[in-house]
Each structure stands twice: as structure tokens, then as C-alpha cells.
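Me: I've got a protein model open and I'd like to go through it with some questions. Can we take it step by step?

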Amino acid sequence: MVKGLFIEGMEVTPTNTYAVIQPHTEEVVAQVADATESEMQQAVDSAYKAFGEMKALSSADRAGILNRVADLLEEVKEDFARTIALEACKPITAARGEVDRSVQTLRFSADEAKHIGGEYIPLDAAKGGEGRDAYTIHEPIGIVGAITPFNFPLNLVVHKVGPALAAGNTIIVKPAEQTPLSSLKLAELFIKAGLPDGAFNVIPGDGPKLGRVLLDDSRVQKISFTGSPQVGKLIKSQAGLKRVTLELGSNSALYVDESSKDSLEDIASKAVTGAFVYNGQVCISTQRIYVHESVFEDFKQSLVSKTKKVPFGDPLDDDTMVTSLINKKSQQRILKWINEAVESGATLLTGGEAKANGILLTVLTDIRSTDKVSCQEVFGPVVILQPVKDDEEALNLMNDSDFGLNAGVFTNNLQQALAMAHGLDVGQVLVNDIPTTRFDHMPYGGVKSSGYGHEGVKYAIREMTRLKMISLNYRF
Ligand code: NAD
């Protein structure tokens with residue numbers, strides 16, 4: 001199968017192609033367009049041309065298109081799930097979950113399209129402002145350049161496309177090299193649903209080369225990036241006056257307090273999911289767990305025994321919970337970080353070895369905060385477990401990080417929950433949930449090296465519109 005680019009409402013035959021590989025079996029899934037700079041330029045031309053038509057659509061029309069895409073996606077859910085499973089090496093049950101979430105994100109976008117309201121400003125509060133009615137509107141900004149990562153090749157694309165189109169913008173998606181197929185298929189659904197040609201373009205290929213075209217073209221008003229902190233920082237330094245949203249990585253932490261001692265089994269089950277769902281290749285993967293010393297041993301035993309039971313297999317098999325990593329480079333880097341930690345005194349409780357193109361699920365303790373498995377983003381199936389004497393020590397360790405995306409706290413002590421919620425230096429605090437928790441309409445954004453700006457449909461729309469004030473002088 002050869003998949004081309006998606007420009008001006010249709011698939012375009014590409015100049016060059018590259019092979020998309022299934023990481024577990026190493027089979028070629030498809031040959032996909034490896035776009036040139038001039039093809040990206042054509043996409044910008046097409047998005048620029050389509051903006052007038054998009055802007056002229058009513059909010060009901062935009063909502064209608066988004067809802068129709070949600071309906072179409074539901075109809076072909078299994079096909080999309082299989083595509084995600086193959087290109088991203090995501091276990092099929094998790095891939096189905098991603099399609100369900102994408103349907104929901106589209107429906108949230110449709111709802112929000114109808115509620116992009118402004119406010120009334122009483123200008124007569126200022127001296128000389130009498131006799132005027134004033135209000136604000138949120139106008140679309142124009143072309144949004146979206147650059148997306150491999151780990152949620154559908155839902156994280158929808159998180160940019162849904163809000164951009166809901167607001168009346170046009171968009172160009174540069175998907176991750178490993179996972180371009182889901183976004184190309186999604187673009188076809190939008191055309192079926194009646195989106196104007198050119199309003200949604202997909203240009204697969206090399207990140208630095210194609211990203212540069214989006215960054216250099218003044219018609220592209222905003223870059224919405226989800227990916228690694230290294231690339232995010234580079235994009236911000238190159239973006240000039242363009243708007244930028246950066247959704248980056250993290251080494252998310254969880255605290256388990258002694259007041260939750262009656263729920264340790266349940267919390268350990270949730271923590272296993274948080275640490276190992278999709279092999280830990282999730283920006284809010286539970287990477288660091290701090291447990292009150294009085295319940296540490298019980299929690300440790302429960303976590304390790306549950307971890308050993310998680311089935312490893314082929315991503316297309318319904319029973320598989322974990323499988324190979326996205327590539328061998330990741331596998332080798334993570335094994336190196338585990339070995340470095342063990343050499344400097346960490347205890348390996350389980351895992352730590354290669355399996356197929358992945359790694360056996362790994363739990364480590366006796367970690368130093370300078371070990372890479374603690375202070376950097378592992379983005380793999382590794383979790384560290386440390387005892388703490390109280391919540392204050394937990395708070396200090398959780399905040400001792402360059403990142404700040406999600407944090408979780410299990411406690412039955414209200415005062416402690418509130419103190420942690422206010423003290424944690426992160427974008428989102430989840431009390432009595434693991435940090436690996438995201439609902440698609442909640443505000444979602446990082447602090448420190450985890451990002452800049454917000455997603456979560458309504459909040460993404462705010463960053464994809466510009467505020468205009470209109471004043472009516474009725475005494476003139
Ligand atoms: P990545 O940074 O390697 O790539 C992301 C995208 O950036 C790809 O499309 C890539 O082609 C492009 N790119 C690479 N270099 C570029 C450049 N110089 N200019 C412009 N674009 C460039 O990330 P990845 O490996 O695909 O994804 C994993 C990372 O994404 C992790 O750090 C993870 O935490 C993060 N992530 C964050 C969130 C979030 O919402 N905060 C969600 C998912 C993933």
C-alpha cells in the first residue's frame with residue numbers, strides 16, 4: 001500500500017516515499033509520502049486559500065461537520081484501531097480505547113464550536129466611556145501548524161484538528177514519522193463529512209525539514225506542538241512572533257499515603273496500569289512512586305506481583321497488554337538507563353531485560369534522585385518505588401523535577417490532599433487517582449519543561465482564536 005499526502009481535500013501522489021514499519025514484527029505496513037519542502041509549501045497555500053470558506057461557515061455548520069466525522073469514525077472504529085495497533089505498536093485493546101476517546105474529542109469539539117462566546121464590557125465604567133455598548137468576539141486566527149508525536153497518532157491529532165476547525169481555522173498536520181497513517185485516514189473522513197477542501201491537510205515526513213517550512217511561513221499563525229521537550233524548546237526558539245502551544249514530556253509522580261492503607265491492592269493495580277499502559281510510552285506515565293514507609297513493604301509486594309502478571313505479546317492479540325517498544329533505539333536507551341541505575345546501587349525488583357523489541361516490565365527501588373530513570377523522562381516500561389517518612393518529604397521529592405505535568409496523590413486526609421494539591425508544581429493534580437489520568441475536555445498543560453499553554457478542547461480553542469473588542473456608540 002502507498003499512501004500519499006493529503007492536500008486540498010484529496011490524496012496527492014508523493015514525490016518520495018518511506019516505509020512505515022510495525023515495530024513488533026518489523027514488517028512493512030505501508031509506503032508513505034516523505035514530503036518535500038515544496039509539498040509542505042503547497043499545503044500552506046491550500047490552507048491559506050481555504051481559510052475564507054472556513055471562516056464563513058456558521059458555528060452550527062462547523063459543529064455538524066465535527067459530529068459527522070465522529071459518527072463516521074465510530075462506524076470504522078475497528079479499521080482505525082488496527083491501523084494504530086500496527087503503526088504505533090499499541091495493543092489492540094488500547095488502540096480501540098484511543099479511537100473511542102477520539103470520537104469523544106470530536107464531539108467535545110462540536111459542542112464547543114457552538115459556545116465560543118465573548119463578554120459584555122461596560123465601557124461607561126471609564127470616564128468619557130458613557131453611551132457605548134462593547135463586547136468581545138473570538139475570531140479564528142488562520143492557519144494552525146500541528147506537529148504531533150507517535151504515541152497517540154489519532155487522539156492527539158484530533159486534539160489539534162477538532163479545536164482548530166471548531167474555531168473556524170484551517171490546519172496542516174505534520175504527523176510523527178513512525179505513525180502517519182491514522183491522520184491520513186482521518187483527513188479522508190473530514191472530506192466525506194463535508195469539510196471545505198484545503199481546510200485540513202496532512203503532510204508526513206521529516207520533522208526538522210517540514211517543521212521549518214511551517215515556522216518560516218508568516219501565513220502560519222500558530223504552531224501547536226506535542227512531543228519531546230528537546231524539540232519543543234527548539235520550536236519555541238524558532239517561532240518568532242507566532243503563537244506556540246507546547247505539550248511536552250514528564251516523569252510523573254504519585255504519592256501513596258498511609259491513610260490509604262485499606263486500598264493498597266486497588267492502588268497498586270491502578271499504578272501498574274499507570275506505569276505500564278502502552279509500555280510507559282505516555283507523557284503522563286506513572287514513573288516515580290513515593291509510598292509512606294509504614295505501608296511501603298505491602299505496597300511493594302503487591303505492585304511487583306501484579307507487574308509480573310501483565311501479558312506480553314503481539315499488539316494485534318486481544319490478550320496483549322504490553323508489546324515491543326516503538327523502536328530498538330528506545331529499547332537500548334532504556335536498558336542502558338536501568339543498568340546505570342543498578343550499577344550505582346539501585347535494586348531491580350523485576351524486569352530489566354529485553355524481550356522481543358521491548359523490555360520486560362521493570363520496577364526499581366533504592367534509587368538516587370540523580371539516576372536518569374528518576375530525573376529524566378524514561379518513556380518506557382520502568383517505574384521507581386521509594387519509601388518516604390511523610391507527605392512533606394513526598395512533596396519535596398515530587399517537586400524535585402525539571403518537569404511538571406500531572407501528579408497523583410492517594411490519601412484519605414483532606415488537609416493533606418489540599419496541601420499537596422496547592423504545593424505540587426505541576427499543571428494538573430489528581431487526588432485519589434494515578435497521574436496517568438486525562439479526560440479529553442479537561443484543561444491540560446505542563447509547567448517547567450513539560451510545556452507551555454493548554455489543550456483540552458475548550459482551552460485549545462482559546463489559544464487558537466484572537467480576541468476582538470467591538471464598541472457601539474449609541475449617543476453619537
Ligand atoms: P518527538 O519530539 O521526537 O517528535 C514529535 C514530532 O516533532 C514529530 O512529528 C517529529 O517529526 C517532529 N519534529 C522532530 N524534530 C523537529 C524539529 N526540529 N522541528 C519541528 N518538528 C520536529 O517526540 P515523539 O518521540 O514522537 O513523542 C514522544 C514525546 O512526546 C515524549 O516526550 C512525550 O512525553 C511527549 N508527549 C507529550 C504529550 C503531552 O500532551 N504533554 C502527549 C504525548 C506525547
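Me: How far apart do the C-alpha centres of domain 1 and domain 2 lie?
Reply: This is a predicted model, where local features need pLDDT of at least 70, side-chain atom pairs count only at pLDDT 80 or more, and totals for chains, interfaces and linings use all residues. Residues are numbered from 1 along each chain as its sequence is written, and side-chain values use heavy atoms, with hydrogens and water left out. The domain assignment gives domain 1 (2-248 + 450-471) and domain 2 (253-439), with bounds that come from an automatic or database domain assignment. Between the C-alpha centres of the two, the distance is 31 Å.

Me: How many residues of domain 2 are in contact with domain 1?
Reply: Contact here means heavy atoms within 4.5 Å. On the domain 1 side, 29 residues take part, and on the domain 2 side the count is 29.

Me: How much space lies in the largest pocket?
Reply: Picture a 1 Å grid over the protein atoms alone: a pocket is an open set of points with protein on both sides within 12 Å along at least five of seven lines, a cavity is a set where a 1.4 Å probe fits but cannot get out, and lining residues have an atom within 4 Å of a point. Grid points are joined across faces, edges and corners, and a volume is the space filled by probe spheres set on the points. For the largest pocket, that comes to about 1300 Å³.

Me: Which helix gives the most to the lining of the largest pocket?
Reply: The lining has 43 residues, and G227, S228, P229, Q230 and V231 lie nearest the centre. Helix 7 (207-216), strand 11 (220-226), helix 8 (229-238) and helix 11 (328-343) are the elements giving two or more residues; helices (H or I, at least four residues) and strands (E, at least two) are DSSP runs, numbered from the N terminus. Each of domain 1 and domain 2 supplies at least three lining residues. The top contributor, with 7 residues, is helix 8.

Me: And in the second largest pocket, which helix gives the most to the lining?
Reply: This pocket holds about 420 Å³ of space. Of its 20 lining residues, R101, F152, V277, V282 and T436 lie nearest the centre. Helix 4 (92-113) and helix 5 (155-166) each supply at least two residues. The one that gives the most, with 5 residues, is helix 4.

Me: How many residues in the lining of the second largest pocket are charged?
Reply: In this scheme Ala, Val, Leu, Ile, Met, Phe, Trp, Tyr, Cys and Pro count as nonpolar, Asp, Glu, Lys and Arg as charged, and the others, Gly among them, as polar. The lining splits into 10 nonpolar and 6 polar residues, and the charged ones number 4.

Me: What is the volume of the largest cavity?
Reply: The structure has 2 cavities of 30 Å³ or more. The largest one is lined by 14 residues, with R288, M398, F403, N406 and V426 nearest its centre. Strand 20 (403-404) and strand 21 (406-410) are the elements that give two or more residues to that lining. Its volume is about 70 Å³.

Me: How many charged residues does the lining of the second largest cavity have?
Reply: About 50 Å³ of space lies in this cavity. Its lining consists of L156, T226, E247, L248, C283, L405, R438, Y444 and E455, with at least three residues from each of domain 1 and domain 2. They divide into 5 nonpolar and 1 polar, while the charged ones come to 3.

Me: Is T83 buried or exposed?
Reply: T83 sits in helix 3 (residues 77-88). Leaving out residues up to four places away in sequence, T83 touches L181, S182 and K185. Buried means under 20% relative accessible area, exposed over 50%, and partly exposed in between (1.4 Å probe, protein chains only). T83 has a relative accessible area of 8%, so the word is buried.

Me: What separates the C-alpha atoms of L472 and G131?
Reply: L472 belongs to strand 25 (residues 465-473) and is partly exposed, at 45% relative accessible area. L472 and G131 are 341 residues apart along the chain, yet their C-alpha atoms are separated by 8.3 Å.
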